[in-house]
Amino acid sequence: MGTVEPQLATASQVTDGFHLVIDALKLNGIDTIFGLPGIPITDFTRMAQAAGLRVISFRHEQNAGNAAAIAGFLTQKPGICLTVSAPGFLNGLTALANATTNCFPMILISGSSEREIVDLQQGDYEEMDQLAIAKPLSKAAFRVLHAEDIGVGVARAIRAALSGRPGGVYLDLPAKLFAQTMDAEAGRKSLIKVVDPAPKQIPGADAVKRALDLLKGAKKPLIVLGKGAAYARADTEIKSLIEKTGIPYLPMSMAKGLLPDTHEQSAAAARSYVLPEADVVMLVGARLNWLLSHGKGKTWGGKGHKDWGGQKFIQIDISPSEADSNVRIDAPLVGDIGSCVSALLTAMGSNWAKPPADWLGAIAERKSKNVAKMAETLAKDPRPMNFHSALNVVRDIVKANPDAMLVNEGANALDFTRSIVDMYKPRKRLDVGTWGVMGIGMGFSVAAAVVSGQPVIAIEGDSAFGFSGMEVETLCRYNLPVCVVVFNNNGVYRGTDVNPAGGPDVAPTVFVKGARYDKLIEAFGGVGVHATTPAELRKAMEEAVRSRKPTLINAVIDETAGTESGRITSLNPTSGKK
Ligand code: FYN
Ligand code: ADP
């Protein structure tokens, strides 16, 4: 009996790897972990929950990773994804690579097997050199071998994810580390609370002047807002810049709602007119990648597909090496968007001249033509429903619920939603991003609900939904206010292809006809609705948003509606052989 007390006293003075990782995360304001338990991190998930962290468990690591990535985008804190070793790590890695590509701050923490065995390739359980594999796909990758280095490891991961251009960071934690013990007080002292992880980057006065000089001389100026601008949370400054200059702007997909899409200066509905016509274009947190046709070619008024259209570019970006990646940038403005836009506003003074009236007039004319054409299409009520008549409903629901989060993936389901559904507030639209990746749907939806507490509406192509569909169980398990609408047209792009060889297999793009996705969620106690008309869809969506119950609506869309690859058919090679 006499030995019990001293033992307890000793135990209370000792900490271990599990607790140090949890304490380091908490110390840095991390409150949620997205992951999937298993060897060697099962106990970690239990202890994290016991320590007050919210631990959201998924059915597949890729969805947990996507959740972490978008949580990072929404909060400016690195989203944490926790996985088991080798295969679990690889499943999470796609999401980490996608986060890096999209400039979302995220940390993938994976358990790993015995270093000595892995390095000698002696065939350990889930043997893999995870650090080496993660390196080329992440912004940074670290491994911690000793409990006393956990504080530094976590601090480095947080800084790497958040500073400069945000991105995905890999943190490798070998199984042995978790059980390592050390003196509790020394452990506590070894942890680091990261100070100023995303330091402001102030642009140079000469760069600000160069940008303003160029903008001042423009006859047909245009501002392009990208998701970097949404991430930066410089909403007030950006609004002032747009309104003070009077310059028309184009929101990239995830920048929609930074200013309400109904803003009179939005040129979204005149996109194919403003890009080739503009003479000076200011990019704010948007890269001249494929989504902007690399700043050249026909989209920009160039003669051939690689020809420069003659525009001058100003580019605001936190990454100094982004400029000139595709075409010449005449005025790079390097810094964080908040600081850059504030500097522009200060240097502009109070009597900035609005752009020429003929430029604004020409845009307004194109816009109203396109809007009128769209209104006409939306007013139709075909049987069966098509993308337009269904999205006319979604458009109204989002308008009535501007705080709701909108997740969107697919091909046609993505493209039509982007141009039909107006967004009213910043960071509400979450979609396939820079890669145009499929599979983000349920991961993004879970994180959007968890992080924002707002209702989530997920507009999913039937193919896209399949990548993460099992997570409807996760929606039900955590009782999340997510309304998934599957636009079901029986296949990838459409459901009408036939097997050219005439055999018993259906064509590669075709799914089971008349599938009832609504039944999936019912298996887990969620609300399933089969909707074949806009009226049924409206009723179901209204009820889902009102009740906040996990809901899946199987919206039956005409299987002949939609085009191959949606708006990016040109990227899909077709045979030159006739
Ligand atoms: C836009 N438009 C509108 C409106 N908004 N018309 C009326 N009213 C409103 N509110 C018009 C706009 O002017 C365009 O018409 C058209 O709608 C399409 O606009 P969008 O979507 O902005 O433009 P576009 O050309 O499609 O943009 C290119 C893009 C975009 C590459 C940025 O397609 C994109 O983000 N794509 C991601 C695709 C993706 O990742 N897919 C995954 C596929 S999966 P015009 O001006 O007349 O042209 C595998 O297949
Ligand atoms: P989109 O796809 O919407 O055009 P991109 O992902 O191509 O947007 O571009 C986002 C850009 O924003 C990246 O080049 C990134 O470096 C930049 N960025 C991200 N955060 C900030 C920030 N806080 N300040 C400045 N630039 C930023």
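Start at Arg418: an N or O atom of its side chain lies 2.8 Å from an oxygen atom of ligand 1, a polar contact (a pair of N or O atoms within 3.5 Å). This is a predicted model, in which local features need pLDDT of at least 70, side-chain atom pairs count only at pLDDT 80 or more, and totals for chains, interfaces and linings use all residues. Residues are numbered from 1 along each chain as written, chains are lettered from A and ligands numbered from 1 in the order written, and side-chain values use heavy atoms, without hydrogens or water.

Next, select Arg567. An N or O atom of its side chain is 2.8 Å from an oxygen atom of ligand 1. Then take Ser419, where a backbone N or O atom sits 3.4 Å from a nitrogen atom of the ligand. The protein covers 80% of the 990 Å² of accessible area that ligand 1 has on its own (Shrake-Rupley method, 1.4 Å probe).

Now show the shell of ligand 1. Of its 21 residues, Ala268, Ser272, Arg418, Tyr493 and Arg567 come nearest (a heavy atom within 4 Å counts as near). Colour helix H18 (412-420): its four residues are the largest share of the shell. Helices (DSSP runs of H or I, at least four residues) H14 (271-277) and H16 (357-379) each supply at least two.

Finally, select Phe44, Leu225, Ile238 and Leu430. They have the most contacts inside the largest nonpolar core, of 126 residues (buried Ala, Val, Leu, Ile, Met, Phe, Trp, Tyr and Cys joined through side-chain atoms within 4.5 Å; buried means under 20% relative accessible area, with a 1.4 Å probe and protein chains only). Apart from it lies another core, of 30 residues, including Leu391 and Ala544.

Methods
Buried < 20%, exposed > 50% of the residue type's maximum accessible area, 1.4 Å probe, protein only. Polar contact = N/O pair within 3.5 Å; in protein donor to acceptor, adjacent residues only side chain to side chain.
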